[in-house]
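Here is a friendly briefing to read beside the sequence and the 3D view. Take a look at the structure first, then work through the points below.

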Amino acid sequence: MSSTVEYKSNGTIKVSKPNRGQTVLRWLLIGSFIFTIVGFFLMDYTGLDLTRAIPMTIDNLGQMFLSPSLNNTTWTNALWQVGVTLSLGFLATILGAVVSLFLAFGTAVNLSKPWLSNTIKGFITIVRAVPTVLWVLIFAIAAGLGAVAAVIGMMFHSIAYLVKAYSEAFEEVDEGKIEALRASGASYGHILFQVIVPQTKSYLISWTFLRFEINFGVAVAMGAAAGAGGIGYELFMASGFYYDMQEVGAITLIILVVAIILELLANRLKVSA
Amino acid sequence: MAVDKKVKEVNKVEERTDFNKKATDNVLISFDEDIEVTGQEVETLSKKEVKQMPVIMSIDNLYKEYSKGKNVLKDISFDIKKGELLSIIGPSGAGKSTLLRSINRMIEPTSGTITFNDKDITNVKGKALRQMRTNIGMIFQHYNLVDRLSVFENVLHGTLGYKNSLQGIFSMYTESEKEEALDIITELGIEDHIYKRCDELSGGQKQRVGIARALIQKPKIILCDEPIASLDPSSSRVIMEHLRKICNEKGITVIVNLHQVDVAKNYSDRIVGLNTGEVVFNGHPSEINKEVIQNIYGTDFDDLIME
């Protein structure tokens with residue numbers, strides 16, 4: 001038998017040798033399993049009566065979603081507030097998309113110089129690592145809590161996200177198409193807007209729309225957390241101020257419907273692009 | 001249908017006996033994928049005629065090394081005549097593509113000079129380089145069209161070299177440019193497809209769009225990098241005959257990289273043979289024989305697959 005074969009401790013033949021990554025992954029899984037078990041034992045359960053808590057939770061959920069109604073606000077107002085939230089998300093996305101397009105030209109390695117590409121990449125990685133809410137709060141220092149800080153903060157994070165998505169799409173463009181235009185005497189700007197953008201248009205649209213959906217969700221949260229207004233603020237008032245389960249349910253359902261409409265719209269756009 | 005075809009063939013035969021040149025013209029005029037092209041007679045130039053033509057570009061002692069000490073092109077020197085169809089043949093890796101791209105400076109040569117229209121273009125930069133490139137069209141093996149744009153838009157891309165950034169970015173083409181593009185498209189027989197996206201076309205049609213894009217530049221020279229390497233024999237013939245026609249009728253110099261020796265022999269006025277970066281043959285197609293092939297490809301003539 002070949003001497004290259006290795007044996008397990010029980011004498012059977014090994015068919016594979018785990019590499020470093022697999023070993024790390026195995027220990028991670030074991031570690032998180034142990035922490036989960038230990039975590040349950042360390043929680044504070046005083047005053048918790050499961051026999052009462054579970055039916056009450058179900059009852060609350062039932063009130064929220066089975067008998068939703070708007071008690072402290074009107075339908076007109078609620079829809080208006082949804083419009084406000086959509087505008088916040090839209091503004092942040094569109095501003096972010098324009099800035100991202102130009103930054104992505106500088107980031108894509110086939111269109112840019114390595115030092116510029118690496119600088120932008122490093123910068124956006126840091127921006128992306130910090131959650132959107134934190135950016136909003138950071139900009140609230142300058143702009144004060146409200147819509148302005150929310151839009152700037154969301155835009156900041158959108159840029160970090162879209163630059164990565166756009167530049168990766170740009171890098172997929174066939175080098176030959178760029179060469180063909182360069183050989184005909186076209187300038188750098190011509191190549192960007194006559195080859196790169198038309199060739200990646202459907203990706204650009206679908207990424208931007210995906211970010212818009214995310215920004216709508218974030219804008220709901222920002223309404224409450226940063227006082228940006230919109231349906232998020234109504235939701236915060238209904239739950240934290242009036243403690244009105246039925247209204248919370250109604251608002252949640254409205255947001256859900258809007259999200260589904262956005263999703264359908266995104267699919268339609270992607271097909272036609 | 002079948003009868004029609006037969007009548008056509010009879011007509012063709014008659015014309016051919018009538019006058020050699022006329023027959024060639026007839027064959028070259030109507031191109032459509034459905035029509036069988038029977039252009040055996042290609043109007044090429046004799047050795048003497050080529051010799052008398054004025055020089056449009058001369059390449060002197062051209063070297064290119066990618067990594068130190070490894071020359072892809074070694075001491076390349078030859079003249080390119082105005083209005084000739086020049087084929088460059090040689091095995092893979094001989095430096096054909098590098099040579100072609102050195103001519104329009106898509107690749108920077110390490111040393112040597114290229115003179116185009118009595119001007120040294122080896123070191124031109126920026127605007128002058130762009131302007132020089134507008135005078136040299138290029139077509140590619142993989143067509144290199146923007147698939148998601150229409151045939152019309154792709155052809156108009158050839159005019160970008162004459163435009164400033166703003167005009168180009170916002171696709172501001174003049175009516176006369178559009179009309180010119182239409183003329184060229186019609187000439188190449190793809191007028192039925194002008195508003196189609198380029199990814200809907202067949203290979204032969206795509207290559208014709210490529211030729212149209214090069215022609216609208218009003219070039220003095222057209223460089224063709226393996227224009228027929230991805231095409232079937234009948235499309236290849238259509239493309240080669242279009243190139244021949246451009247050369248004969250418009251007096252544009254055409255330089256073609258080719259893999260097929262017999263195609264080169266059939267269509268060119270002159271052939272340059274490259275082997276490992278050196279010119280090993282430079283002469284009239286009629287001078288190609290077994291020894292020359294042996295020299296260029298390093299194998300016997302009989303071992304080559306001839307299409």
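**A sheet in chain B**

In this predicted model, B:Cys224 stands opposite B:Val256 in β8(B). Local features need pLDDT of at least 70, side-chain atom pairs count only at pLDDT 80 or more, and totals for chains, interfaces and linings use all residues. Residues are numbered from 1 along each chain as its sequence is written, while chains are lettered from A and ligands numbered from 1 in the order in which they are written.

**Strands**
- Strand β7 (residues 221-225) and strand β8 (residues 253-258) of chain B pair in the parallel sense over five bridges; strands are DSSP runs of E with at least two residues, helices are runs of H or I with at least four, and both are numbered from the N terminus.
- Two strands pair if DSSP finds at least two bridges between them.
- These strands belong to an open sheet of six, ordered β6-β7-β8-β3-β9-β10 in chain B, with mixed pairing.
- β6 and β10 (278-283) of chain B are at the edges with a single partner strand each, so one side of each has no neighbour in the sheet.

**Where the chains meet**
- The contact takes 23 residues from chain B and 19 residues from chain A; residues are in contact if their C-beta atoms, placed from the backbone, lie within 7 Å.
- On the side of chain B that touches chain A, α5(B) supplies the largest share, four residues.

- Leaving out residues up to four places away in sequence, B:Ile255 touches several residues, including B:Ile80, B:Leu86 and B:Cys224.

How values were computed: Contact = placed C-beta atoms within 7 Å.
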